[in-house]
Amino acid sequence: MPQRITVLGSTGSIGTNTLDVIARHPDRFEVFALTGATQVDLMLRQCAQFKPRFAVMVQPDAAKQLQDRVRAEGLNVQVLSGAAALDEVSAHAEVDAVMAAIVGAAGLSPCLDAARSGKRLLLANKEALVVGAEVFLDAVKNGGATLLPIDSEHSAIFQSLPEDPATWDTRVAKIILTASGGPFRTRELASLKDVTPEQACAHPNWVMGRKISVDSATMMNKALEVIEARYLFGLPPERLEVVIHPQSIIHSMVQYRDNSVVAQLGTPDMRVPIAYGLSWPERMVSGADALDFHALSAMTFEALDDHGHPERFAGIHLAWHALRGPRGTTAVLNAANEIAVAAFLDRQIRFDQIHHLNLNCLSRMTFATPHHLDDLLDLDAQARAVAQDEIHRLALP
């Protein structure tokens, strides 16, 4: 019987790649629900191709437009609206697996519901762990969910670790996440203040959304990935390392106690970790090109401050800073960064001010320890308010 899949964020890059993989295996998968925010045209095409039982548009106006067009096309798809509908299609009794590909803290609630309901949870949403942290892990444990990482780096680590998680602490010396360094790895530091949103979104290796592309340019994406790795794999922060690997061929590595290193390599194509998550513990065709070793240029590696300017990637060090802070600090960092990146994309602040806004927000926040989803959402709202205040302080004339 095919696995029934809910794809949260089906109109984004991870969502569309997930559907591309699913389309290659119609005998193994059945799309139960698709969700999006505003892209009605794309959602309609996806509904026509995959014929889900439910389609969710978070924005009410978009849901109304989709409903009208679904009727006009004669499609047998039930259109739902609002954030609560995301929770509904994630926890539905008939769903086997959930691809969590909603960017930002908005994806936390449906991830928690999927975890509590014991689903196979394919996690492409960093914020579930960065924001949810212990609250999310408790939901996974108590619900009996299967948590599988979809980020290329965390999938690579998962593939390189021993099969038995109980041995990770004793057999593994450290986890090494690779980072491309983004588009400004060698750019003159003094010129970073002049970076435009268009330049920041032009990643040299990956095709991604605007927010994730900016995070890659600031290396904040790697800070969030360090935090995610801490909660996914359970190793202490001091056993997590980042190395610059501009070619993005080695997606991450695990160094064992005997100093041997196991790495996962592949073309920079998100369909590879998606296919692995969907088929685990098996492997199936992903649609990605095979790695051609004969055509590869030299693979190079650099330390974070190889060019003598640790301030170039200052944001990444906030990962360890946040992990050393009180419970909830990683949620504050995530919220501040979402506001900072949005302000940069709206040309309210400069590229080089993103890090300063994040750091200032961490310094200003005081809060109670979060224990439940409502606590996390309150903390997220507090952090966003402080970040907005920082924007007024930093705003360009």
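These legends describe close-up views of a predicted model.

**View 1. The open sheet of seven strands.** The strands run in the order E4-E3-E2-E1-E5-E6-E7, and their pairing is parallel. Strand E4 (78-81) and strand E7 (146-149) stand at the edges; each has a single partner strand, so one side of each is left without a neighbour in the sheet. From one strand to the next, the twist averages 20 degrees.

**View 2. Strands E5 and E6 within the sheet.** Strand E5 covers residues 97-100 and strand E6 covers residues 120-123. The two pair in the parallel sense over four bridges. Ala 100 stands opposite Leu 123 in E6.

**View 3. Packing of helices H15 and H16.** Helix H15 (residues 329-345) packs against helix H16 (residues 353-364) at an angle of about 145 degrees, and their axes are 9 Å apart. The crossing of H15 past H16 is right-handed. H15 contributes Thr 329, Val 332, Leu 333, Ala 336, Asn 337, Ala 340 and Phe 344, which meet Ile 354, Leu 357, Asn 358, Cys 361 and Leu 362 in H16. Sorted by class, this contact has nine nonpolar, three polar and no charged residues.

**View 4. Packing of helices H11 and H15.** Helix H11 (residues 210-218) and H15 pack at an angle of about 100 degrees, with 10 Å between their axes. H11 is therefore roughly perpendicular to H15. On the H11 side the contact is made by Arg 210, Lys 211, Val 214 and Asp 215, and on the H15 side by Asn 337, Glu 338, Val 341, Phe 344 and Leu 345. By class, the contact of H11 with H15 has four nonpolar, one polar and four charged residues.

How values were computed
Residues are numbered from 1 along each chain as its sequence is written. This is a predicted model: local features need pLDDT of at least 70, side-chain atom pairs count only at pLDDT 80 or more; totals for chains, interfaces and linings use all residues. Side-chain values use heavy atoms; hydrogens and water are left out. Axes are lines fitted to C-alpha atoms, for helices over the stretch in contact, and angles run from 0 to 180 degrees between N-to-C directions. A crossing is left-handed if the near helix is turned anticlockwise from the far one by less than a right angle, and right-handed if clockwise. Contact means heavy atoms within 4.5 Å. Ala, Val, Leu, Ile, Met, Phe, Trp, Tyr, Cys and Pro count as nonpolar, Asp, Glu, Lys and Arg as charged, and the others, Gly among them, as polar. Two strands pair if DSSP finds at least two bridges between them. Angles under 35 degrees count as roughly parallel, over 145 as roughly antiparallel, 65 to 115 as roughly perpendicular and the rest as oblique.
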